[in-house]
Amino acid sequence: MELKEIGEFGFIKRFANKFDEFIADDEMGIGDDCAILPIDDKECYVVSTDLLVEDVHFKRNEIDSSELGHKSLAVNLSDIAAMGAAPRFSFLSIAVPDSMSVESLDQFMVGYHALSKKYGVPLMGGDTTKSPDKLIINVAVVGQGKRDDMRLRSMAEEGDVICVSGHLGESAAGLKFVLEHHRRDDLALYMIAKHHCPEPRITEGLWLASQKGVNAMMDISDGVASDLLHILEASNKAAILHVDKIPASKQLQKLCQQKQWSEHVFTMAGGEDYELLFTVKASAFKQISEDFMMQFNKPLFAIGSVLQGDPKIEWQDKGQVVLRDDKGFNHFES
Ligand code: ADP
Ligand code: MG
């Protein structure tokens, strides 16, 4: 049997619960953006690790080495943000092919160091080895927070408003330019930069976790549709998502108009935005959205609501139920 037959999550399910018997009640292992390791009654560490493989997650001739260094750390910091914790330390393991120069490796570390410095997260260790062909990067990050502040995927409640912390789809549009041959004007370069240099929402995550009305939280790495399903499965809830409320930036709207591309394919199914996806108690939503605007000078976007029921998403467009397939929405296909 090949892995693609059961998928990444199918594989994880085959072994995940075998470890539960030696995980303490107040610890949390596989299944959320980070593991939770209590320090004392009040504080905990959170830990996340992510792997980036050349030609699976990036094209080495497309991304600047310094951007790759930034992105390798950023995707891990995003998982720390998704718990509502502050990043503390990182570890970097790297398998380097002969075709990668020391100058490129130095540049990689320039990007890694700059983002580390921005959030005060020192690199504390790792491993370096050679690789026969492809560049392989693994980063692990340790964060810290108050145990009561940690926001799990399992915390969504009936009636919650589903929110995102920013525009979606730009990274996926950038990826399209990386993978396909389209002319690269300024708009294209802007999208590619979004794909190569995501900004982890650390300050937003910390602030949201300090708000009592914020329930479940995760980061959007695979696309809002599939990531929301993780929240619904962990919380055993259903949801309505409003296609017309998923936020696309002015730049993405302009690009899609110019190219006659479907905006929704990028915003809904595209991954690697690294915005936060979270649910807010309905009665707290107005206050939290106003305070979010005051704090960050940008809106949060309400895109749906949590319902009682089996984990699935009902899609609506301007109040009408619409059907979605792998390529997007059947009436949006270009
Ligand atoms: P994320 O996108 O937030 O990084 P993933 O979807 O990659 O999370 O992983 C889902 C969960 O499965 C996480 O809790 C992760 O730690 C766990 N996981 C993934 N692969 C493995 C593995 N090989 N061994 C143990 N746990 C894993
Ligand atoms: Mg995540």
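The model is predicted; local features need pLDDT of at least 70, side-chain atom pairs count only at pLDDT 80 or more, and totals for chains, interfaces and linings use all residues. Residues are numbered from 1 along each chain as its sequence is written, chains are lettered from A and ligands numbered from 1 in the order in which they are written, and side-chain values use heavy atoms, with hydrogens and water left out.

**Stop 1: the magnesium ion**

Select ligand 2, the magnesium ion, together with Asp33, Asp79 and Asp219. These three residues coordinate the ion through OD atoms at 2.0 to 2.1 Å. Donors here are N, O and S atoms within 2.8 Å of the metal (3.2 Å for Na, K and Ca); water is not among the atoms, so sites may look incomplete. Along the chain the donors follow the spacing D-x45-D-x139-D. Asp33 sits in the loop between helix H1 (3-15) and strand E1 (35-38), while Asp79 belongs to helix H2 (residues 65-83), so the pair ties together parts that are 46 residues apart in sequence. Helices (H or I, at least four residues) and strands (E, at least two) are DSSP runs, numbered from the N terminus. Asp33 and Asp79 are buried. The classes are buried, under 20% relative accessible area, exposed, over 50%, and partly exposed in between (1.4 Å probe, protein chains only).

**Stop 2: ligand 1**

The residues around ligand 1 are Glu8, Phe9, Ile12, Phe15, Ile30, Gly31, Asp32, Asp33, Asp50, Asp79, Arg153 and Ser221. A residue is taken as near when one of its heavy atoms lies within 4 Å. Helix H1 gives the most to this shell, with four residues. By type, the shell around ligand 1 divides into four nonpolar, two polar and six charged residues. In this count Ala, Val, Leu, Ile, Met, Phe, Trp, Tyr, Cys and Pro are nonpolar, Asp, Glu, Lys and Arg are charged, and the others, Gly among them, are polar.

An N or O atom in the side chain of Asp33 is 3.0 Å from an oxygen atom of the ligand, and for the side chain of Arg153 the corresponding distance is 3.2 Å. The protein covers 66% of the 560 Å² of accessible area that ligand 1 has on its own. The areas come from the Shrake-Rupley method with a 1.4 Å probe; for residues, only the protein chains shown count as cover.

**Stop 3: salt bridges**

Stay on Arg153 and select Asp32. The two form a salt bridge, with the closest N and O atoms 3.7 Å apart. Arg153 is in the loop between strand E5 (136-146) and strand E6 (161-164) and Asp32 in the loop between H1 and E1, so this pair ties together parts that are 121 residues apart in sequence. Arg153 and Asp32 are both buried.

The structure holds 17 salt bridges, each a side-chain nitrogen of Lys or Arg within 4 Å of a carboxyl oxygen of Asp or Glu. Next select Glu54 and Arg60, whose closest N and O atoms are 3.0 Å apart in another such bridge. Glu54 counts as buried at 9% relative accessibility, whereas Arg60 is partly exposed at 23%. Then move to Lys176 and Glu180, which meet in a salt bridge at 3.2 Å, N to O. Lys176 is partly exposed, with a relative accessible area of 22%, and Glu180 is partly exposed with 34%. Asp55, Lys59, Asp133 and Lys134 are joined into one network by salt bridges that share partners.

**Stop 4**

Ser171 is buried, with a relative accessible area of 2%.

**Stop 5: backbone angles**

Most residues other than glycine have a negative phi. Select Gln260, which has a positive phi of about 60 degrees although it is not a glycine. Gln260 is in the loop between helix H8 (250-259) and helix H9 (263-269), and is exposed, with a relative accessible area of 65%. Finish on Glu272, another non-glycine with a positive phi, of about 65 degrees, in the loop between H9 and strand E9 (276-280).

Technical notes. A polar contact is a pair of N or O atoms within 3.5 Å; within protein, one must be able to donate a hydrogen and the other to accept it, and residues adjacent in sequence count only if both atoms are side-chain atoms.
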